[in-house]
2 protein chains.
Amino acid sequence: MKIYDTHTAPTPRRVRIFLAEKGIEMDYVQVDLQKGENMTPEMRQKNPIGKVPVLELDDGTCIGESVAICRYFEALQPAPALMGTTPLEQAQIEMWQRQVEFALFMQVGMCFQHSTGYFKDRMTPVPEYGKVAGISASKYLNVLEKRLQSNEFIAGDNFSIADITAMCAIDFARVVQIKVNDEQVNLQRWYKAVSARPSASA
Amino acid sequence: MKIYDTHTAPTPRRVRIFLAEKGIEMDYVQVDLQKGENMTPEMRQKNPIGKVPVLELDDGTCIGESVAICRYFEALQPAPALMGTTPLEQAQIEMWQRQVEFALFMQVGMCFQHSTGYFKDRMTPVPEYGKVAGISASKYLNVLEKRLQSNEFIAGDNFSIADITAMCAIDFARVVQIKVNDEQVNLQRWYKAVSARPSASA
């Protein structure tokens with residue numbers, strides 16, 4: 001099996017980190033997003049929305065969407081658990097993973113795409129919306145700071161997929177000048193810890 | 001246990017349909033979104049981003065996010081499976097659920113929020129972005145039409161959470177004049193079938 005990946009993009013990085021945490025080795029095929037290699041008829045056959053990452057199994061079956069690929073490997077190899085074990089843990093991790101994804105990861109992405117026009121050949125950038133999205137992302141960092149006052153990791157006591165999503169969002173946010181500030185001491189402590197894990201460089 | 005719900009909103013409807021499919025009875029507490037009842041300090045204690053639905057367990061533990069609440073009940077009561085059984089089914093359903101959510105459900109929501117200014121007391125509407133989001137949603141209906149040419153349901157042979165997300169998006173899309181068109185015969189066939197299920201009126 002192999003994963004169609006773009007090494008510089010934040011979304012496929014989430015899968016690389018997830019697999020590194022599980023100790024799963026993978027073949028990665030690089031796709032150049034700027035050249036639109038992800039939108040060829042061949043790639044749309046693998047993923048109808050033409051995005052990376054895409055996992056291709058040996059029989060040709062393809063799975064798109066970072067979190068869906070993570071779900072596949074979590075089900076195949078449950079340990080170490082990154083999506084929870086009990087029903088309650090699974091739900092709490094999914095809640096935080098989603099909120100971090102919608103209120104931070106996607107807002108950073110929208111800020112980047114709409115402010116810079118990087119993908120203007122394939123979408124309509126609305127710079128004013130890019131600004132609004134950037135402000136939303138910055139505000140959500142305060143929610144995480146509060147959460148991390150009383151929790152070691154975002155979803156509770158254990159490192160999870162929610163931490164991966166948040167770290168990838170925060171690292172990518174530098175390109176649009178959104179940063180954890182000096183007063184966000186709990187977020188700083190958490191960021192230092194998750195960035196020091198070997199998986200962070202995957 | 002109980003769920004904080006808003007009967008007219010598309011997101012909590014997803015959970016009501018999911019629970020109806022599983023035959024799980026629930027107490028629902030109505031929250032008036034227009035009056036901002038979801039954003040009180042008490043509700044933010046239950047869900048930091050101040051949104052519905054929120055599941056509150058008998059010990060006071062709260063879980064926000066529609067899909068996280070569904071995940072909880074899927075883990076507690078696996079049958080009938082709405083999120084897949086094998087690792088591959090789970091991944092494929094998660095892929096389609098996410099793509100329908102991001103490319104249709106959220107785009108319809110963004111079109112509504114940014115075009116109408118319905119929540120302008122709590123967000124900055126960008127009407128131009130509302131238009132762009134509406135166009136994206138309409139385009140994604142073509143992806144679903146193609147998918148449903150060779151699949152009974154969105155994620156394959158079985159009704160799943162991806163169908164629930166799509167039906168709730170399409171029903172809500174009427175408020176922004178986005179509709180399945182007459183040429184989308186497979187989407188029409190699918191819509192008629194899922195709407196006829198007793199859960200649709202939950």
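Two residues are in contact if their C-beta atoms, placed from the backbone, lie within 7 Å. The views below show a predicted model, in which local features need pLDDT of at least 70 and side-chain atom pairs count only at pLDDT 80 or more, while totals for chains, interfaces and linings use all residues. Residues are numbered from 1 along each chain as its sequence is written, and chains are lettered from A and ligands numbered from 1 in the order in which they are written.

View 1. Contacts link 29 residues of chain B with 29 residues of chain A. On chain B, at least two residues each come from β4 (62–64), α3 (66–76), α4 (87–116) and α5 (127–149), these elements being DSSP runs numbered from the N terminus (helices: H or I, at least four residues; strands: E, at least two). The largest share, 10 residues, belongs to α4(B). Because 100% of the interface residues of chain B are also interface residues in chain A, the copies meet through the same surface.

**View 2. The axis relating the two copies.** Chain B superposes on chain A by a rotation of 180° with 0.0 Å of shift along its axis (RMSD 0.0 Å), fitted by least squares on the C-alpha atoms of residues with pLDDT of at least 70 in both. The two copies are thus related as by a two-fold rotation axis. In chain B, the C-alpha of Y129(B) is the nearest to the axis, at 3.2 Å.

**View 3. The surroundings of A169(B).** Apart from neighbours within four places in sequence, A169(B) contacts P10(B), V100(B), L104(B), F105(B) and V108(B).
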